[in-house]
Amino acid sequence: MLYDWDDKPELNITPLVDVMLVLLAILMVIAPNIIYEENIRLPQGSTSQQLSKIPPVHISIDKDKHLKINKDTFVLNGFTDNFFLYSQKLDKKATVLISADKSLDYGLVMSILGAVKQAGFTEVSLATNG
């Protein structure tokens, strides 16, 4: 038997690609349905200690510059001192929400924000529509 050393064998990889595509399709169909669950034992919490919900402080300023804090009305002149005295009975950890009419001057709203910060509140938000 005479062997031709220049003859190169041809590899037929078409069946291998077909098998891999079928396995890939099966994996893609099954993968979203696989649920992995691991049982975790959580530590017991303290039932006597409950979170206290601090009510937020709402400050609203209308276009006529009338100030309301929650349901109390304040005068714009001297607001810093009045709010400092008013805030003594409030919790300093409470969130303060300032809502002002869009036609008001930016400096006016920032002065209210500064008064709230001077009173010791750290969580202050400016309310928007949207």
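User: Which residues of α3 do Phe79, Thr80, Phe83 and Phe84 in α2 meet?

Analyst: This is a predicted model, where local features need pLDDT of at least 70, side-chain atom pairs count only at 80 or more, and totals for chains, interfaces and linings use all residues. Residues are numbered from 1 along each chain as its sequence is written, and side-chain values use heavy atoms, without hydrogens and water. Helices are DSSP runs (H or I, at least four residues), numbered from the N terminus. With contact meaning heavy atoms within 4.5 Å, the four α2 residues meet Ile112, Ala115, Val116 and Gln118.

User: How many nonpolar residues does this contact have?

Analyst: Look at the classes: the contact of α2 with α3 has two polar residues and no charged ones. Ala, Val, Leu, Ile, Met, Phe, Trp, Tyr, Cys and Pro count as nonpolar. The nonpolar count is six.

User: At what angle do the axes of α2 and α3 cross?

Analyst: Picture each axis as a line fitted to C-alpha atoms over the stretch in contact, with angles from 0 to 180 degrees between N-to-C directions. The axes of α2 (residues 79-86) and α3 come within 9 Å. They cross at roughly 35°.

User: Which strands are at the edges of the sheet?

Analyst: Five strands (DSSP E runs of at least two residues) form an open, mixed sheet in the order β3-β2-β1-β4-β5. Strands pair if DSSP finds at least two bridges between them. Those pairing on one side only are β3 (72-74) and β5 (124-126).

User: What is the bridge partner of Leu67 in β3?

Analyst: Strand β2 (residues 67-69) runs antiparallel to β3, and three bridges join them. In β3, Leu67 has as its partner Phe74.
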